[in-house]
Each structure stands twice: as structure tokens, then as C-alpha cells.
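Reader: Before I set anything up with this model, I would like to go through its architecture and its covalent links with you. Could you take me through them step by step?

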Amino acid sequence: MTTKHLLPVLSLPEDLRESLASAAGPVYSGERFVDEIAATPCGGVACIGDFVSQICLSALSRRPDTPLLLVLDGKTRRESGMATGVPEGFKLYQARSPPGHLSLEVYSLVCSAIEGGGRSAVVVEGEEDLAALAALDCGSGWTIVYGLPGVGGVVVHNCLRKPGVGSSGIIAFKPGVVRLKA
């Protein structure tokens, strides 16, 4: 058996699915959502999801020096065709993460991009939803933005949180591997 077709992942335990579906911070919609992103008091902004990334790019268009991370998978509400594309000047990373899992590859890239500052994009083959947990874990000085489909956008100003408050819950995930198609 070759290991090059095995992807180390963290799996979402079924009993945590409902609790992780709740927002990690305030939920906004419309102009209030855009305004909350634009007025970030933090050192950088991590935007998880294609639709959310488009909103972040628009909200931060007048702040080109703000470190920005986009995490994209080319889908919105699990439907393909949401080609956000990676803007010029962004450092591009590609990774895989199967639905319902957070690959260690995506986790590492999100954390490295946040640590490095600047403007980066992680394009995920599979599903990017759980990358918000990596951003919450690693982005203590950043604003983390992600969507709740049909509800609005969650904006967490991690730089305003007390250390140790608001853990992402990722510690309860189960480590494992997923076999990739050759």
C-alpha cells in the first residue's frame, strides 16, 4: 500500500455537528456585514468561502495593505460554478480537504498564511467550510469571516477576544486518513 494516496485529516465527530453549526460570533447581513468587515480593528482578515471572499474583497478594496486570506473551493451552497478567482498579487496555495473533514494540509496552509501576513488564497479541492476552525485557532490577531447559508455572515474579531476564550473546538476532532482516488 502506497501512502501517497492517503490524506491526513481531522474528522468532525457526529455529536459535534450541531454545536459547530452555531455561530462563533455575531451574525450580520447586508450592508452591516460589509461595514463590520471594512472596519476591522484586527491586523488581518481571513475570509472562508467563495461568497464571503467576494464580500471581503469588496469591503476591503480601500484597504489594500490589510493582510487578507481567502479560502475558496469554487462552490457556494455546495453548487459549483462560483468562480471567485484569485486576485492579482495574492500568493496562491492549493490543497485538498474532503467534505466533513479538515485536512492537515488545509489547516497548515491557513495557519502559515495567517502567520506570514500579506495576501494569500488557499484554493481547496473538496470543501473549505471547516477551514474556519483553523483560522479561529491560528488567527488570534485577525478577524475571521465565514458564512452561515440562509442566515448571514459571522464576523469574529479574534484580536478583541481574551486569550483562551472561544476555542474552535477542533481539539475534539478525530485524527485519521482518507484514501484519495489515484
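Author: A disulfide is counted here as a pair of cysteine sulfur atoms within 2.5 Å, and the model to which this cut-off is applied is a predicted one.

Reader: How far apart are the sulfur atoms of C47 and C56, and are these two cysteines buried or exposed?

Author: C47 counts as buried because its relative accessibility is 0%, and C56 is likewise buried, with a relative accessible area of 0%. The link between C47 and C56 is left-handed, with -100° about the S-S bond. The two cysteines form a disulfide in which the sulfur atoms are apart by 2.1 Å.

Reader: Which parts of the chain does the disulfide of C42 and C159 tie together, and how many residues apart are they in sequence?

Author: The S to S distance in the disulfide that joins C42 to C159 is 2.0 Å, and the angle of -80° about the S-S bond makes this link left-handed. C42 lies in the loop between helix 2 and strand 3, whereas C159 lies in the loop between strand 11 and strand 12, so the pair ties together parts whose separation in sequence is 117 residues.

Reader: What handedness does the link of C111 and C138 have?

Author: This disulfide has an S to S distance of 1.7 Å. With 60° about the S-S bond, the link of C111 and C138 is right-handed.

Reader: Where do C111 and C138 lie?

Author: C111 counts as buried at 14% relative accessibility, while C138, at 26%, counts as partly exposed. The pair links distant parts of the chain, 27 residues apart, with C111 in helix 4 and C138 in helix 5.

Reader: In the open sheet, which strands stand at the edges?

Author: The sheet is formed by seven strands with mixed pairing, in the order 2-11-10-3-4-9-7. Each edge strand has a single partner, so one side of it is left without a neighbour in the sheet, and the strands in question are strand 2 and strand 7.

Reader: Which residues of helix 2 are buried, and what do they pack against?

Author: The buried residues of helix 2 are F33, E36 and I37. They cover an arc of only 100° around the axis, which puts them on the same side of helix 2. Their packing partners are strand 2, strand 3, helix 3, strand 10 and strand 11.

Conventions:
Residues numbered from 1 in each chain as written. Predicted model: local features only at pLDDT ≥ 70, side-chain atom pairs only at ≥ 80, totals over all residues. Heavy atoms only, no water. Pairing = 2+ DSSP bridges. Helix = DSSP H or I, 4+ residues; strand = E, 2+ residues; numbered from the N terminus. Buried < 20%, exposed > 50% of the residue type's maximum accessible area, 1.4 Å probe, protein only. Arc of directions from axis to C-beta. Contact = heavy atoms within 4.5 Å.
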